[in-house]
Amino acid sequence: MSDQTEIWKLFRTQQEKYVYYLLSLSVAALGFAVSQTQRDKLSWTQLILLTATILWLMSIFFGLRWIKWNLSALNANFEMLRVKSGHYRDILPTITHTQAAVDGINSAIDSNSKVIRKSFGLQGNCFYWGVGVFIVWHLSEMIIRSL
């Protein structure tokens, strides 16, 4: 295998680990936030915590969306290889039909790639903003308790 292929595989492996890591951190953060308020009465500061939990939920959503669309892109790539290898000769009898199928699959892959890139960025942003909002909530709780 070429160095470029090896580096690409390493990049994809690390990217997947990052997404799964943020997913697990977001779930843990949600659990921690809930455990911090189990015995509390409802107060206005919990709206701040609600914002953090919504951001973590969004992080989970975008992480799962990233996984889903990656699977879709992988499937599209697999089907394109099958089309190019002649697997569908009975329904794609000419070169023109085959090329049209390949073009359609490439269009789907490009569309998937846009969703994948957007989901990857939004997952991280939502997680980190959630952490920041949680810190603001925690500080506001400390200030209220010290008054």
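In the predicted model, Phe134 is in contact with Phe32, Leu49, Ala52 and Trp56, when residues up to four places away in sequence are not counted. Phe134 and Trp56 are also the residues with the most contacts inside the largest nonpolar core, a set of 22 residues. Helices H1, H2 and H3 are the elements that give two or more residues to this core. The largest share, ten residues, is contributed by H2. Another core lies apart from this one; it has seven residues, including Met80, Val83, Leu92 and Ile105.

Helix H1 spans residues 3-36 and comprises 34 residues. From its first C-alpha to its last, H1 reaches 49 Å, close to the 50 Å expected at 1.5 Å a residue. The buried positions of H1 are Arg12, Gln15, Val19, Leu22, Leu23, Ser26, Ala29, Leu30 and Ala33. These buried residues pack against two helices, H2 (45-84) and H3 (95-146).

Two residues of H2 were examined individually. Thr53 is located in this helix and touches Leu30 and Ala33, with residues up to four places away in sequence not counted. Thr53 itself counts as buried because its relative accessibility is 16%, under the 20% limit. Arg65 is likewise placed in helix H2. The relative accessibility of Arg65 is 24%, and this residue therefore counts as partly exposed, the class between 20% and 50%. Leaving aside neighbours within four places in sequence, Arg65 is in contact with Val115 and Ser119. Arg65 and Arg145 are 80 residues apart along the chain, and a distance of 40 Å separates their C-alpha atoms.

The largest pocket holds about 280 Å³ of space. It is lined by 14 residues, of which Trp8, Arg12, Asn70, Ser113 and Ile116 are the closest to its centre. The elements that give two or more residues to the lining are H1, H2 and H3. By class, the lining consists of eight nonpolar, four polar and two charged residues.

Technical notes
Residues numbered from 1 in each chain as written. Predicted model: local features only at pLDDT ≥ 70, side-chain atom pairs only at ≥ 80, totals over all residues. Heavy atoms only, no water. Helix = DSSP H or I, 4+ residues; strand = E, 2+ residues; numbered from the N terminus. Expected span 1.5 Å × (residues − 1). Buried < 20%, exposed > 50% of the residue type's maximum accessible area, 1.4 Å probe, protein only. Contact = heavy atoms within 4.5 Å. Core = buried A, V, L, I, M, F, W, Y, C linked by side-chain atoms within 4.5 Å. 1 Å grid on protein atoms, 1.4 Å probe; cavity = no way out; pocket = protein on both sides within 12 Å on 5 of 7 lines; lining within 4 Å. Points joined across faces, edges and corners; volume = space filled by probe spheres on them. Nonpolar A, V, L, I, M, F, W, Y, C, P; charged D, E, K, R; others polar.
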